[in-house]
Amino acid sequence: WTGDNTGSWGYQAMQLQYYMNAMMSGMAHISGDIDGIYGGSADGETYMRDLQMKSMMTAFMTMSGWSQNPQKQPYAQPEFVEGVTRTYLDLKVRLTPYQYTVSREAHETG
């Protein structure tokens, strides 16, 4: 978990670099709150893009916290987000066995 963050475009760009560097440094599990615990967009755009990125990570969570848009669950997003969200949540479910396997491997081999 990368700490309390915002859902802004700038923060998402910075997080992507942070995640790649952390993973290349040997961190097996890393993620952050989808669309940030602070901020995010009421129009659903940053939520959708952040969910797409973080669905590829082993840890995956939403957190409302102190956001201007406290509804951070997929069902509370604008309608245009629904199809993309569903696609990536389905992908997340399909990838889970693989992620469990490589998580176990990382645990056993370091």
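Trainee: How much of the accessible surface of the protein chain belongs to carbon and sulfur atoms?

Mentor: This is a predicted model. The accessible surface of its protein chain comes to about 6600 Å². The part that belongs to carbon and sulfur atoms is 59%.

Trainee: What share of the residues in the protein chain is buried?

Mentor: A residue counts as buried when its relative accessible area is under 20%. The protein chain has 110 residues, and the buried share of them is 33%.

Trainee: How many residues of helix H2 are buried?

Mentor: Helix H2 spans residues 45-54 and is mostly covered. Its buried residues include Tyr47, Leu51 and Lys54. Among what covers them are H1, strand S1 (33-34), strand S2 (61-62) and helix H3 (79-109). Of the 10 residues in H2, the number buried is 8.

Trainee: Which helix gives the most to the lining of the largest pocket?

Mentor: The largest pocket has a volume of about 290 Å³. Its lining has 15 residues, with Tyr19, Met23, Met27, Ala28 and Ile30 nearest the centre. The top contributor, with 4 residues, covers residues 9-24 and is helix H1.

Trainee: How many residues of that lining are charged?

Mentor: The lining of the largest pocket holds 11 nonpolar residues and 4 polar ones. As for charged residues, there are none.

Note on methods:
Residues are numbered from 1 along each chain as its sequence is written. This is a predicted model: local features need pLDDT of at least 70, side-chain atom pairs count only at pLDDT 80 or more; totals for chains, interfaces and linings use all residues. Side-chain values use heavy atoms; hydrogens and water are left out. Buried means under 20% relative accessible area, exposed over 50%, partly exposed in between (1.4 Å probe, protein chains only). Accessible areas come from the Shrake-Rupley method with a 1.4 Å probe; for residues, only the protein chains shown count as cover. On a 1 Å grid over the protein atoms alone, a cavity is a set of points where a 1.4 Å probe fits but cannot get out, and a pocket is an open set with protein on both sides within 12 Å along at least five of seven lines; lining residues have an atom within 4 Å of a point. Grid points are joined across faces, edges and corners, and a volume is the space filled by probe spheres set on the points. Helices (H or I, at least four residues) and strands (E, at least two) are DSSP runs, numbered from the N terminus. Ala, Val, Leu, Ile, Met, Phe, Trp, Tyr, Cys and Pro count as nonpolar, Asp, Glu, Lys and Arg as charged, and the others, Gly among them, as polar. Contact means heavy atoms within 4.5 Å.
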